[in-house]
Amino acid sequence: MDKRWRKIIFSAFYWLLGLLVIFGLPQLWINMQTRELSYSDFKDMLARERIIEVRLEKEDIKGILFNGPRKDIGRLREKLQRMEQEALASRGFYNKPRQPSLQDVLKKLRKIKEYRNQIVLFHTVRVNDPKLVEELDAKGVEYSGEKQGMFSEIFWGTIIPILFWVGLWFLLIKGMRQPGAGLLSIGKSKAKVAMEKDTGVRFNDVAGCEEAKEELKEVVEFLKQPQKFERLGAKIPKGVLLLGPPGTGKTLLARALAGEAEVPFFSISGSEFVEMFVGVGAARVRDLFNQAKQNAPCIIFIDEIDAIGKFRGGMVSGGHEEREQTLNQLLVEMDGFEPNIGVILLAATNRPEVLDPALLRPGRFDRQVVLDAPDVQGREAILKVHARGKPLAPDVDLRSIALRTPGFSGADLANIMNEAALLAAKKGADQITQDHLEEAVEKVFAGPERKSRRLGKNERKRVAYHESGHALVAFHSPNAAPVAKISIIPRGKAALGYTLQLPQEERYLMTKSELLDKIRVSLGGRAAEDVVLGELSSGAENDLEVATEMAKSMILRFGMSDKIGPVALARERSPYLKIPGMQEQPESMSPELAAEVDKEVRRILSEQYQRAKEIIEAHREALDLVAEKLLVEEIMSAEEFRNLVKDR
Ligand code: ADP
Ligand code: MG
Ligand code: ZN
């Protein structure tokens, strides 16, 4: 069947569907209104003079019955007779007197408001009862014979079945031609369960998470030699949950695990489960597990499991039927297989705090592996992994790149390596140099340079002084990280310029004086604008936010204020340490205490701002020099900067 034919069949199908809707629905409506009576009930009604009119068909009796007070039935009969006379006077379609249909009669009778709800259509199956006509006569019931309506007979007897079979056939054909696309294969997974015989990734492609790899090695062993574990009766975890911020290599590690164990890898992403039709997700889960069981030993990987495994109940407002069914099916499947058949379930999420606790119960995802942002060693190792197959110049020092990228994830680092290679290619170099790498760091860090964003003369001057202010305050703050670079080239979305500070080494703790210095440096830009230009600008908004946040943390989290004392009034929200499904309780604080905290925050900020201004006023000459040079050259290295401000 070629495309054209499919189109024709398709539109024919829809035409027929349209006809069905137009003609079928009224019929359906009538059927719904009609009361089904047994023949004996009918006779009973007849005896009690409840029946107003009947139409006798070959096999059916249809008619109208009245449920109201007996004395009123005479009124209805009168009305009926009048209608009949009217009908005789009117002319039907074929110029013959037309008998009004039962529906018409019903409609007219119902115009008598008081009885509206007591006048009902009924239907009963006719049985062999030769006395019926006599009885009808005796009770004065209007009756007439009727051939079953041609149209409705044809419609229900012929067209509908044909439509049904044509439709079914059509769907089947469609389903066969495109596996998984037909309506009938909804329950089948839409081939989205990706099966990879070999992922092609090994553990040595993943760097900087040695602990996680160590934990997963056991799983690899098991998949390779299950007998070894079975013999000793050791229990293998059924499910392993990989937790960590985005880009830390969860997906990569799962693939590496399958690759290392040399088993097939079945993967599906949680978001793919969230489908339109209720029940599809659950069917897919079933499918996934069935396929996997047939291919054991293997790994099932559910990426971004939070999309289905969200905490049930809570504040969620209805409409989550689908996800719940999917989750339930997942739980059922997990409980339903023994790990000894060689299927291991892996899942990854960066939002463990929303996971349903049921998922984490023993026997389900009872093992959890946390992947954190890599430390300096980890970053260097990741850079090395991604430097494979790229020609590096001899001057490249990956350690120094690792040092200047605290907080970067594996994905960011992979990106840096790639950007550096692109830059080198763009510049026609045949090796990647340290300069390329450093530029790539900045690009990933602050967004690409925006040379086209031309600032006016006054704005450039303001930005230059602002950045010089940051740098100068940093230089004169003994506990601040040294300045590594200043730039007034607009970058990324918002930054008009920036001052890069780099610590000498990876830091895990910060002392109070370091924090205070950091606040002071953040306020340095604004202080310089204030001192030099005598007016503030909106450019310091982000600096202010950072400084305020830091001051608050000092008081609320680190207990570093003498006035408030050593209390933790807020906690850092680290999702990786929280109990899943638990609602976070805000720490309680009396209004007096809150007011005092506010005062303390303000005190810290204004003190540091004052000190920043003092530094700038004391070294005004140096500030001017730096700003002027920046206006010409736009970028200043650490060395140049130090030479300019050293003794001034
Ligand atoms: P996640 O699933 O945690 O969000 P991914 O596994 O998708 O992160 O990581 C994205 C990319 O980042 C990977 O394809 C890989 O190139 C790189 N990457 C992340 N972490 C690492 C790592 N530890 N070692 C090597 N490359 C990594
Ligand atoms: Mg991922
Ligand atoms: Zn600033």
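In this predicted model, Val-626 makes contact with Ser-468, Ile-486, Met-636, Phe-641, Leu-644 and Val-645, leaving aside residues up to four places away in sequence. Val-626 also stands out in the largest nonpolar core, which has 47 residues: together with Ile-486, Ile-519, Ile-616 and Phe-641, it touches the most other members. The largest share, 9 residues, comes from α18. Apart from this core lies another one, made of 29 residues, with Phe-203, Phe-229, Val-240 and Ile-344 among them.

Helix α20 is worth a look of its own. It runs over residues 591-618, and at 1.5 Å a residue its 28 residues should span 40 Å; the C-alpha atoms at its ends are 41 Å apart, so the two figures agree.

The zinc ion (ligand 3) has His-466 (NE2), His-470 (NE2) and Asp-543 (OD) as its protein donors, at 2.0 to 2.1 Å. Along the sequence, these donor residues follow the spacing H-x3-H-x72-D. Distant parts of the chain are linked this way, with His-466 in helix α17 (residues 457-475) and Asp-543 in helix α19 (residues 541-556), 77 residues apart. Both His-466 and Asp-543 are buried.

Conventions:
Residues numbered from 1 in each chain as written. Chains lettered and ligands numbered in written order. Predicted model: local features only at pLDDT ≥ 70, side-chain atom pairs only at ≥ 80, totals over all residues. Heavy atoms only, no water. Donors = N, O, S within 2.8 Å, 3.2 Å for Na, K, Ca; no water. Helix = DSSP H or I, 4+ residues; strand = E, 2+ residues; numbered from the N terminus. Buried < 20%, exposed > 50% of the residue type's maximum accessible area, 1.4 Å probe, protein only. Expected span 1.5 Å × (residues − 1). Core = buried A, V, L, I, M, F, W, Y, C linked by side-chain atoms within 4.5 Å. Contact = heavy atoms within 4.5 Å.
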